[in-house]
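Work through the exercises below with the sequence and the coordinates at hand. Each task is followed by a solution in steps.

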Amino acid sequence: MKKYDKIVFVSMDDTAGSPIADGIMRKLSAGRELSIASRGMIVLFQEPINPIAITVAERHNVTLGHRMTTAFSENDIDDRNLILTMTEKERDMIYEAYEHAINVYTIQEFLGAEGDVKIPFGGGEEEYKEYFDRIHILVRLVAEKLFTEEREDEDSNRK
């Protein structure tokens, strides 16, 4: 039995990091029953995703689409949801704002590492390409971890 039904990627404003992670995970989990979402901790009004992030993602065959930013809310918290933030600050904000928060980790922490994935504010296409590449590696590792655990659970249930 799989552990999570939904993965929610969270960045500060939902304009680059979390949409990139969302797009990559959607591609990696195609054909699986897994819902993917992207949220921001501080979204005062809806706005489009960062156009540089969209361009860089499209060059890697990852579609971010023309969606608008979405604020993180209590509806994103569930024991069947995995919430992965880009930074410790976002993780801590969730735990401080929602007393029933569960399954909230930085993306690095979930993989057994430390550190933040910081957005290259004011950076150009090259900086966003490096940012994309870093997120791609991390999301691929998250997918491998989740899908391996899922297979192992299925195998143990058959025995």
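This is a predicted model: local features need pLDDT of at least 70, side-chain atom pairs count only at pLDDT 80 or more; totals for chains, interfaces and linings use all residues.

Residues are numbered from 1 along each chain as its sequence is written, and side-chain values use heavy atoms, with hydrogens and water left out.

**Exercise 1.** Compare the span of helix H1 with the expected span.

Solution. Step 1: helices are DSSP runs of H or I with at least four residues, numbered from the N terminus. H1 covers residues 17–28, 12 residues in total. Step 2: the expected span is 1.5 Å times one less than the number of residues.

**Exercise 2.** Find the salt bridge partner of aspartate 22 and classify both residues by accessibility.

Solution. Step 1: a salt bridge needs a side-chain nitrogen of Lys or Arg within 4 Å of a carboxyl oxygen of Asp or Glu. Aspartate 22 pairs with arginine 26, with the closest N and O atoms 2.5 Å apart. Step 2: both lie in H1, four residues apart, or about one helical turn. Step 3: buried means under 20% relative accessible area, exposed over 50%, and partly exposed in between (1.4 Å probe, protein chains only). Aspartate 22 is buried at 7%, whereas arginine 26 is partly exposed at 44%.

**Exercise 3.** Locate the partners of the salt bridge between aspartate 14 and arginine 67.

Solution. Step 1: the N to O distance is 3.2 Å. Step 2: aspartate 14 is in the loop between strand E1 and H1 and arginine 67 in the loop between H2 and strand E3, so the bridge ties together parts 53 residues apart in sequence (strands are DSSP runs of E with at least two residues).
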